[in-house]
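I opened the model to look up its sheets, its helix packing and the surroundings of its ligand. My notes follow in the order I took them.

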Amino acid sequence: MDLSAPSGQATASDLTVSDVVVNFQGLRAISGVSLHLRCGEVLGLIGPNGAGKTTLVNVLTGFQVVDSGTVRLAGEDIARWKPHERSRRGLVRTFQSVLPFGGLTALENVEAGAMATGVSRKAARESAYQVLASLGLADKAQRRVDTLPFGEERRVGIGRAIAMKPRFLLMDEPAAGLNDAECDELKGVIDGIRTTGECGVLLIEHRMSLVFRLCDRIQVLQQGATIAVGTPDEIRLDAKVRQAYLGDEAI
Ligand SMILES: Nc1ncnc2c1ncn2[C@@H]1O[C@H](COP(=O)(O)OP(=O)(O)OP(=O)(O)O)[C@@H](O)[C@H]1O
Ligand SMILES: [Mg+2]
């Protein structure tokens, strides 16, 4: 059985990784990982530090070349596509450490994302307003981002990514540094993205309460290999996952 595939028929619009291997000067960071993400689902990618999660995101976004294996977007082999070609085709990531442009307003930040879709300035502005409203940030549109609380600043960064109209949104530790209330808001944002049904989300997180409440499926990496894929309930009860990562934490 292909552990990485969601149940039901695969569709032509999916993002798929098959048997990917990545080596760093003798260190095998990814050893034959497959992953399958479809529109409208939230897939969690979890595992201990150094398991290869960020490396896999870099493989998806084109910042990391693979030694072998394939990466397909809507059936097309994209392994040789440059990062900007992938983002133009709907593969968008959010970063933990790259903050929005602090000196610009929230609106300008999100507008920058909308402009990347090739629309006019006017259309980009309208779309940016809509995105900010959907994130509960309409009244912050004219605020400089570096004057906003951390959680709102993070949401502006996500807004910029959403404005790019991603087919797949790759989020590397979006809850890092957020307090519990901000984390709940983030959950609402990601739930909202799922509800549109137009975007698949890959969520890398160490915050298990968020992952287990939010994800449709969870894939667990350890030392560059997949040790489990399943529903939150299946993963919660998986002895290998408990031993490798979750321990006795009650989730
Ligand atoms: N550019 C690089 N050069 C050499 N080794 C690297 C490089 N990037 C990552 N690694 C190594 O590859 C392995 C996987 O790292 P990766 O950053 O993908 O892990 P991760 O699962 O994202 O961990 P974390 O939870 O700490 O973010 C680690 O052993 C790491 O030290
Ligand atoms: Mg990482």
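I took two strands as paired if DSSP finds at least two bridges between them. Helices (H or I, at least four residues) and strands (E, at least two) are DSSP runs, numbered from the N terminus. This is a predicted model: local features need pLDDT of at least 70, side-chain atom pairs count only at pLDDT 80 or more, and totals for chains, interfaces and linings use all residues. Residues are numbered from 1 along each chain as its sequence is written, while chains are lettered from A and ligands numbered from 1 in the order in which they are written.

**Entry 1: the four-stranded sheet**

I looked up the bridge partner of F24 and found L27, in strand 2. Strand 1 (residues 15-24) pairs with strand 2 in the antiparallel sense, over eight bridges. I then traced the sheet around this pair. It is an open sheet of four strands in the order 2-1-4-5, with antiparallel pairing. Strand 2 and strand 5 (76-77) are its edge strands, each pairing on one side only.

**Entry 2: the ligand**

Which residues surround ligand 1? I listed F24, L27, A29, G47, N49, G50, A51, G52, K53, T54 and T55. A residue counts here if its C-beta atom, placed from the backbone, lies within 6 Å of the molecule. Strand 2 (27-37) and helix 1 (53-61) are the elements that give two or more residues to this shell. Helix 1 gives the most, with three residues.

I sorted the shell by residue type. Ala, Val, Leu, Ile, Met, Phe, Trp, Tyr, Cys and Pro count as nonpolar, Asp, Glu, Lys and Arg as charged, and the others, Gly among them, as polar. The shell divides into four nonpolar, six polar and one charged.

I followed another open sheet, of six strands in the order 6-7-8-3-9-10, with mixed pairing. Its edge strands are strand 6 (91-94) and strand 10, and each pairs on one side only. Neighbouring strands are turned by 20 degrees against each other on average, direction ignored. For angles and axes I used lines fitted to C-alpha atoms, for helices over the stretch in contact; angles run from 0 to 180 degrees between N-to-C directions.

Strand 6 and strand 7 (residues 168-172) run parallel and are joined by four bridges. T94 stands opposite M171 in strand 7. Helix 1 packs on this sheet, touching strand 3 (42-46), strand 6, strand 7, strand 8 (200-204) and strand 9. Its direction makes about 150 degrees with that of strand 7. Contact means that the C-beta atoms of two residues, placed from the backbone, lie within 7 Å.

I also checked the pair of strand 9 (residues 217-222) and strand 10 (residues 225-230), which is antiparallel over five bridges. V220 stands opposite A228 in strand 10. The two strands form a hairpin with two residues between them. Q223 in the turn has a positive phi of about 45 degrees.

**Entry 3: helix pairs**

Two packed helices are described by the angle between their axes and the distance between the axes. I classed angles under 35 degrees as roughly parallel, over 145 as roughly antiparallel, 65 to 115 as roughly perpendicular and the rest as oblique.

Helix 3 (residues 106-115) and helix 4 pack at about 120 degrees, with axes 8 Å apart. They are therefore oblique to each other. Their contact is made by A106, L107, V110, E111, A114 and M115 of helix 3 and A124, R125, S127, A128, Y129, V131 and L132 of helix 4. I sorted these into 10 nonpolar, one polar and two charged.

The axes of helix 4 (residues 121-134) and helix 5 come within 10 Å and cross at roughly 130 degrees. This pair is therefore oblique too. S127, A128, V131 and L132 in helix 4 meet G159, I162 and A163 in helix 5. That contact holds five nonpolar, two polar and no charged residues.

How are helix 5 and helix 6 oriented, roughly parallel or roughly antiparallel? Helix 5 (residues 150-163) and helix 6 (residues 180-196) pack at about 15 degrees, with their axes 10 Å apart. They are therefore roughly parallel. G151, R155, I158 and I162 in helix 5 meet E182, E185, V189 and I193 in helix 6. I counted four nonpolar, one polar and three charged residues in this contact.
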